[in-house]
Structure formats: C-alpha cells, structure tokens
Amino acid sequence: MALERIMDDRRFERLKWQSRRGLLELDLIFTRFWEQSAASLTEQDMQTLDKLLQLPDNDILDMVMARQTCDDASISEMIQRLQQA
C-alpha cells in the first residue's frame, strides 16, 4: 500500500513537471489548474492529463482558447476543466 502511494506521488509530480510548457499562457493555466484541482485528481484524470500533455503546446492552447476541438471525449473534458481554472 505504501509503495502504491509513493508511485502515485511520483506520477503526480511527473505530470506537474510535464505541465510546465513553453508558452507562458499555458504555464499560467496549468498553475491555476494544479492549485484548484490537484487534491481531487482521479486515476482517470491522471491518464487523461498524460495523453493531453503529449500534444504540442500550440494545440493545447488552441483547445483551451476554443480555437480548436478534440475528438477524444476525455481530453475535451479535461480541456473544460482547464478553461474553468
């Protein structure tokens, strides 16, 4: 059980690190997201964030700014959470 928690903490910190992007706008959005949502992230949320963070910065920003849509429903839901942050 303790090992599982350590692995979750490492994964959480890795996702936080990966959310540091090359665009200031995204950094600000992700900073607010982590401040508001970090405590409530589920395993599914972390999987979705991992998929989202594999996308190029400009694509993520375009989706957050509603200039582009995503066909993946889970990523679309995460984008909505980022927009609300």
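Visitor: What does contact mean here?
Guide: This is a predicted model. Two residues are in contact when their heavy atoms come within 4.5 Å.

Visitor: Which residues does R21 touch, not counting residues up to four places away in sequence?
Guide: R21 sits in the loop between α1 and α2. Contact again means heavy atoms within 4.5 Å. By that rule R21 touches L26, D27, F30, L53, L55, P56, D57 and I60.

Visitor: Is R21 buried or exposed?
Guide: The cut-off for buried is under 20% relative accessible area. R21 has 14% relative accessibility, so R21 counts as buried.

Visitor: How many residues apart in sequence are R21 and L53, and how far apart in space?
Guide: L53 is one of the residues that R21 touches. The two are 32 residues apart in sequence. In space, C-alpha to C-alpha, R21 and L53 are 9.1 Å apart.

Visitor: Which pattern does the protein chain follow along the sequence?
Guide: The chain has five helices and zero strands. Read along the sequence, the pattern is α-α-α-α-α.

Visitor: What is the radius of gyration of the protein chain?
Guide: The globule rule gives 12 Å for 85 residues. The chain's value is close to that, so the chain is as compact as a globular protein of that length. The radius of gyration is 13 Å.

Visitor: What does the C-alpha trace span along its principal axes?
Guide: The trace belongs to a protein chain of 85 residues. Along its principal axes it spans about 45 × 25 × 20 Å.

Visitor: What does F30 touch, not counting residues up to four places away in sequence?
Guide: F30 itself touches S19, R21, L49, L52, L53, I60 and L82.

Visitor: Where is A66, and is it buried or exposed?
Guide: A66 lies in the loop between α4 and α5. Phi of A66 is near 65°, a positive value in a residue other than glycine. The cut-off for exposed is over 50%. At 61% relative accessibility, A66 counts as exposed.

Visitor: Which residues is Q83 in contact with, leaving aside neighbours within four places in sequence?
Guide: Q83 is in helix α5 (residues 73-84). At 38% relative accessibility, Q83 counts as partly exposed. Its contacts are M63, V64 and A66.

Visitor: Which residues is D62 in contact with, leaving aside neighbours within four places in sequence?
Guide: D62 is found in helix α4. At 23% relative accessibility, D62 counts as partly exposed. Its contacts are R67 and Q68.

Visitor: How far apart do the centres of the positive and negative side chains lie?
Guide: The chain has 11 positive and 16 negative side chains. The centres of the two sets lie 4 Å apart.

Key:
Residues numbered from 1 in each chain as written. Predicted model: local features only at pLDDT ≥ 70, side-chain atom pairs only at ≥ 80, totals over all residues. Heavy atoms only, no water. Helix = DSSP H or I, 4+ residues; strand = E, 2+ residues; numbered from the N terminus. Rg over C-alpha atoms; globule rule 2.2 N^0.38 Å. Buried < 20%, exposed > 50% of the residue type's maximum accessible area, 1.4 Å probe, protein only. Lys, Arg positive; Asp, Glu negative; His and termini not counted. Charge placed at Lys NZ, Arg CZ, Asp CG, Glu CD.
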